[in-house]
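Please open the model in the viewer and keep the selection panel at hand.

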Amino acid sequence: MNYKDLIKKIDKPKMPRHIAIIMDGNGRWAKLHKTRRINGHKKGVEAVRRTVETAVEVGLEYLTIYAFSTENWARSKAEVDYLLKLIINSLIKEINELIKNNVNIRFIGSKEKLAESYNKKVIKTCKKSWNNTGLHLNVAMNYGGRQELIDAFNEIMFDMKSGKLKKSEIDEDIINSYLYTANMPDSDLVIRTSGEERLSNFLIWQSAYSEFWFTETLWPDFSREEFIQAILDFQDRKRRFGAR
Ligand code: IPE
Ligand code: IPE
Ligand code: MG
């Protein structure tokens, strides 16, 4: 079925508010097409574009995409350098189109290890979209769920020392407010491509009650139809949150 027809099947009141995607399989896509890994990443950007456009079209509120993990530094320097450049260049190239689509974009992740000039460029570019009221797009860049918690604990300790926060105040909402995803709803649906069925340190706190959707499709081949299918399947799930 074509994706326009699939979209009509979406039950609007049952839309997930926040979808998170582990975009995996660029390397295997490249291998399959007998080309270099970097060409898989390049092709992956086109899939990001399609996915973001579709998210806008279905009126999604929050989309978080895993672009580079705190573990990905372990790859070859050439691949890391390429990915860092590709991510910032894609942001700069797409920002006007994103703004036109009322997308509000931010990078979430650790600033450490990234050059100050890199972080500055990211903020300067993203800032242009911060008055937008449509899709909130989070690019998880140098992101690790454990690092996010370490950063949160450090800030909590800091605020406790200065008297801004009391020990008795700490609860789930307070911890949420110290995460990179402060003021955002938890991920309702986590999608992972390429047949791997693991979290790889992505949104470990926020996905405590997420639904998971896996596909064998390699990220560069991820289609609009498949994205909508994931949403339709989510709508058939019965979420219990521990209640019967
Ligand atoms: C996902 O594709 C992109 C990033 C992790 C940046 P991979 O590069 O992990 O592709 P595979 O898993 O080797 O196929
Ligand atoms: C997860 O994919 C990270 C991103 C998609 C950015 P990886 O390919 O790095 O994860 P593992 O190594 O297979 O767990
Ligand atoms: Mg991978």
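A molecule sits in a pocket if more than half of its atoms lie within 2 Å of the grid points of that pocket. In this predicted model, ligand 2 sits in the largest pocket.

Select ligand 2 first, together with its shell: Ile22, Met23, Asp24, Tyr66, Ala67, Phe68, Ser69, Asn72, Arg75, Arg192, Arg198 and Ser200. Five of these shell residues are nonpolar, three polar and four charged. Strand E2 (residues 62–69) supplies the largest share of the shell, four residues.

A polar side-chain atom of Asn72 lies 2.9 Å from an oxygen atom of ligand 2. For Asp24, a polar side-chain atom is 3.2 Å from an oxygen atom of the ligand, and for Arg192 an N or O atom of the side chain is 3.3 Å from a ligand oxygen atom. Taken alone, ligand 2 exposes 390 Å², of which the protein buries 77%.

Now widen the view to the largest pocket, which has a volume of about 900 Å³. Its lining comprises 41 residues, with Met23, Asn26, Val48, Tyr66 and Ala67 nearest the centre. Colour helix H3 (37–57), which gives the most to this lining, nine residues. The lining divides into 21 nonpolar, ten polar and ten charged residues.

Finally, move to the second largest pocket, with about 380 Å³ of space. Select Arg106, Phe107, Ile108, Gly109 and Lys111, which lie nearest its centre among 20 lining residues. Helix H5 (116–127) contributes the most here, with four residues. This lining holds 13 nonpolar, five polar and two charged residues.

Conventions. Residues numbered from 1 in each chain as written. Chains lettered and ligands numbered in written order. Predicted model: local features only at pLDDT ≥ 70, side-chain atom pairs only at ≥ 80, totals over all residues. Heavy atoms only, no water. Near = heavy atom within 4 Å. Polar contact = N/O pair within 3.5 Å; in protein donor to acceptor, adjacent residues only side chain to side chain. Areas by Shrake-Rupley, 256 points an atom, 1.4 Å probe, with all protein chains shown as cover. 1 Å grid on protein atoms, 1.4 Å probe; cavity = no way out; pocket = protein on both sides within 12 Å on 5 of 7 lines; lining within 4 Å. Helix = DSSP H or I, 4+ residues; strand = E, 2+ residues; numbered from the N terminus. Nonpolar A, V, L, I, M, F, W, Y, C, P; charged D, E, K, R; others polar. Points joined across faces, edges and corners; volume = space filled by probe spheres on them.
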